[in-house]
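Let's take a walk through this structure, starting with one residue and then moving on to where two chains meet.

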Number of protein chains: 2
Amino acid sequence: MTPTGHDEAQQPLDARVVRTRSDVLRAALDVLIDEGRDAVTHQRLAQVAGYSRVTLYKHWPTRADLLRDAFGGLRDAHHHTPTGDVRTDLIEELTAFRTAIERRRIDRALAALAELAASHPDMAEVRDDVVSGGERVLRGLLAPRLHGSKLEAATLMLSGAILNAAMMHGRPPADEVIAAAVDIVLDAAG
Amino acid sequence: MTPTGHDEAQQPLDARVVRTRSDVLRAALDVLIDEGRDAVTHQRLAQVAGYSRVTLYKHWPTRADLLRDAFGGLRDAHHHTPTGDVRTDLIEELTAFRTAIERRRIDRALAALAELAASHPDMAEVRDDVVSGGERVLRGLLAPRLHGSKLEAATLMLSGAILNAAMMHGRPPADEVIAAAVDIVLDAAG
């Protein structure tokens with residue numbers, strides 16, 4: 001239980017550390033999405049983020065550390081803040097997921113994460129974390145209306161419809177398909 | 001319009017060609033799923049399938065030809081033959097998809113196909129082919145009951161739920177979750 005000593009003199013250093021980490025991890029997610037996971041190396045990220053390799057190795061001693069934190073950036077995806085109208089809220093939340101796919105191609109990062117997680121237990125933890133964070137708003141909206149297997153199924157179906165369209169059909173769903181998916185689930189919620 | 005000459009003498013040759021192709025493509029799909037798409041090379045497949053590299057190059061002059069036909073093997077996935085009870089038929093069809101994921105890990109091949117298709121237009125054609133074949137039974141069961149955006153949404157949601165569970169949650173859905181997904185869609189179909 002040593003005091004962590006957040007005195008005035010240390011704050012600029014902390015701020016610098018925070019900024020370095022955030023610069024590098026933002027670059028890491030970009031590289032991951034645009035160039036694939038093989039490109040996520042200390043060398044490439046030092047180049048893209050504009051820091052020395054020594055600095056990167058200090059923060060992330062191994063490539064696994066780097067990959068884990070890069071994928072962790074998916075947790076910061078934008079979510080809709082519920083307003084109280086469940087139909088609107090569900091549509092807005094799914095639309096926010098679609099927007100993240102359209103603007104940032106996070107479907108690619110998710111596919112890469114799924115692939116890695118299948119063979120690396122520590123990446124499976126990252127995946128579970130990212131997914132449970134990604135589903136939190138959706139699940140919160142559905143939980144008062146559906147229970148047990150129906151809640152499970154509805155959550156998988158709604159986010160699955162967006163993923164399926166983006167990944168397997170090559171285009172995220174149109175507005176009216178998102179609305180139809182929400183109506184199907186709300187019909188069942190009675 | 002040259003006659004193709006299927007005389008008796010040629011049949012054994014044709015049969016041999018068919019067998020070679022089918023042996024190699026089965027091996028290709030296995031290698032793709034177990035070792036990743038980078039492992040799908042003439043050299044590796046010659047080794048695994050037990051043919052010479054020369055033979056493989058004769059059938060598939062480029063690596064792109066090989067990859068295209070390897071992914072094409074996903075078209076042969078097992079489907080349920082509808083019996084007339086729509087609830088049972090939908091559950092059985094989704095369960096067949098889950099079984100293919102559990103036994104053959106076709107989710108990995110689908111993720112790799114999605115990734116490749118995003119940057120290679122000819123692989124996008126293969127993906128579209130595989131996906132429309134994969135959805136045919138499901139769509140056929142839903143089409144008499146749902147239309148337009150609702151049909152689109154329901155198809156994306158049902159196959160998406162299986163994909164989402166397998167890829168992003170690391171486990172295909174349980175029987176009761178599949179049944180709940182089908183009931184949600186059938187409720188909406190009235």
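Helices here are DSSP runs (H or I) of at least four residues, numbered from the N terminus. A:Asp89 lies in one of them, helix H5 of chain A (residues 86–104). Keep in mind that this is a predicted model, where local features need pLDDT of at least 70, side-chain atom pairs count only at pLDDT 80 or more, and totals for chains, interfaces and linings use all residues. Residues are numbered from 1 along each chain as its sequence is written, chains are lettered from A and ligands numbered from 1 in the order in which they are written, and side-chain values use heavy atoms, with hydrogens and water left out.

Back to A:Asp89: it is buried yet has no salt bridge. Buried means under 20% relative accessible area (1.4 Å probe, protein chains only), and a salt bridge is a side-chain nitrogen of Lys or Arg within 4 Å of a carboxyl oxygen of Asp or Glu. The nearest side chain of opposite charge, A:Arg145, is 7.5 Å away.

Now for the interface. In contact (heavy atoms within 4.5 Å) are 38 residues of chain A and 38 residues of chain B. A:Met157, A:Met168 and A:Ile184 supply 22% of the area that chain A buries against chain B, more than any other three residues; buried area is the accessible area (1.4 Å probe) that two parts lose on being put together, summed over both. Together the two chains bury about 3,300 Å², 72% of it on carbon and sulfur atoms.

Charges meet here too: the rule finds two salt bridges across the interface of chain A and chain B. The side chains of B:Lys150 and A:Asp187 form a salt bridge, at 3.8 Å from N to O.

How values were computed: Helices (H or I, at least four residues) and strands (E, at least two) are DSSP runs, numbered from the N terminus. Buried means under 20% relative accessible area, exposed over 50%, partly exposed in between (1.4 Å probe, protein chains only). Lys and Arg count as positive and Asp and Glu as negative; His and the chain ends are not counted.
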